[in-house]
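Take a look first, then we'll start with the core.

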Amino acid sequence: MPIFEYICKECNHGFEALVFGKDKAECPKCHGKKLEPQLSVFAAPAKAAAGARPSGGPCGSCGDPRGAGACSLGDMD
């Protein structure tokens, strides 16, 4: 079930819609059927360089200086 992005030509409302099979999307605001499909842009995780450390400060749970989630990494050497 792909997610599509549209702008309604009747009320200018932008929205995303799950489209099943041969179903047609409709504006959730005005229920209009005159829609303009938009180019969807998605985010992909970037690969970190080997040995890169997370940024953003110490872990909020344990205070480990390696960053969030570091508690599960084991003891620092």
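Q: What makes a set of residues a nonpolar core?
A: The members have to be buried Ala, Val, Leu, Ile, Met, Phe, Trp, Tyr or Cys residues, joined through side-chain atoms within 4.5 Å. Buried here means under 20% relative accessible area, exposed means over 50%, and partly exposed is what falls in between (1.4 Å probe, protein chains only).

Q: What kind of model is this, and which pLDDT values matter?
A: It's a predicted model, where local features need pLDDT of at least 70 and side-chain atom pairs count only at pLDDT 80 or more, while totals for chains, interfaces and linings use all residues. Residues are numbered from 1 along each chain as its sequence is written, and side-chain values use heavy atoms, with hydrogens and water left out.

Q: Which residues are in the largest nonpolar core?
A: Eight of them: Tyr 6, Cys 8, Phe 15, Ala 17, Val 19, Ala 25, Cys 27 and Leu 35. S1 and S2 are the elements that give two or more residues to it.

Q: How many helices and strands does the chain have?
A: Zero helices and three strands, so the pattern along the sequence reads β-β-β. Both kinds of element are DSSP runs numbered from the N terminus: helices are H or I with at least four residues, strands are E with at least two.

Q: How do you know that S1 and S2 pair?
A: Pairing takes at least two DSSP bridges between two strands. Strand S1 (residues 3-8) and S2 share five, in the antiparallel sense, so they qualify. Among the facing residues, Tyr 6 stands opposite Phe 15 in S2, and Glu 5 has Glu 16 as its bridge partner there.

Q: What makes S2 and S3 the edge strands?
A: The three strands form an open antiparallel sheet in the order S2-S1-S3. Strand S2 (14-18) and strand S3 (35-37) each pair on one side only. The twist averages 40 degrees from one strand to the next, with axes taken as lines fitted to C-alpha atoms (for helices, over the stretch in contact) and angles running from 0 to 180 degrees between N-to-C directions.

Q: What sits in the turn of the S1-S2 hairpin?
A: Five residues lie between the two strands, and Asn 12 in the turn has a positive phi of about 65 degrees, although it is not a glycine. At 63% relative accessible area, Asn 12 is over the 50% limit, so it counts as exposed. His 31, in the loop between S2 and S3, also isn't a glycine and has a positive phi of about 65 degrees.

Q: Why is the Phe 4 and Tyr 6 pair called tilted?
A: Rings of Phe, Tyr and Trp (its six-membered ring) pair if their centres lie within 6.5 Å; planes under 30 degrees apart are stacked, over 60 edge-to-face, and the rest tilted. This pair has 6.3 Å centre to centre and 45 degrees between the planes, so tilted it is. The count comes to two aromatic pairs, and ring pairs link Phe 4, Tyr 6 and Phe 15 into a cluster.

Q: What makes the contact of Glu 26 and Lys 33 a salt bridge?
A: The rule asks for a side-chain nitrogen of Lys or Arg within 4 Å of a carboxyl oxygen of Asp or Glu. Here the N to O distance is 3.3 Å, so the pair passes. The search of the whole structure finds one salt bridge. Glu 26 is partly exposed at 33% relative accessible area, and Lys 33 is exposed at 53%.

Q: Which residues does Ala 25 touch?
A: Leaving out residues up to four places away in sequence, Ala 25 touches Tyr 6, Ala 17, Val 19, Lys 33 and Leu 35; contact means heavy atoms within 4.5 Å.
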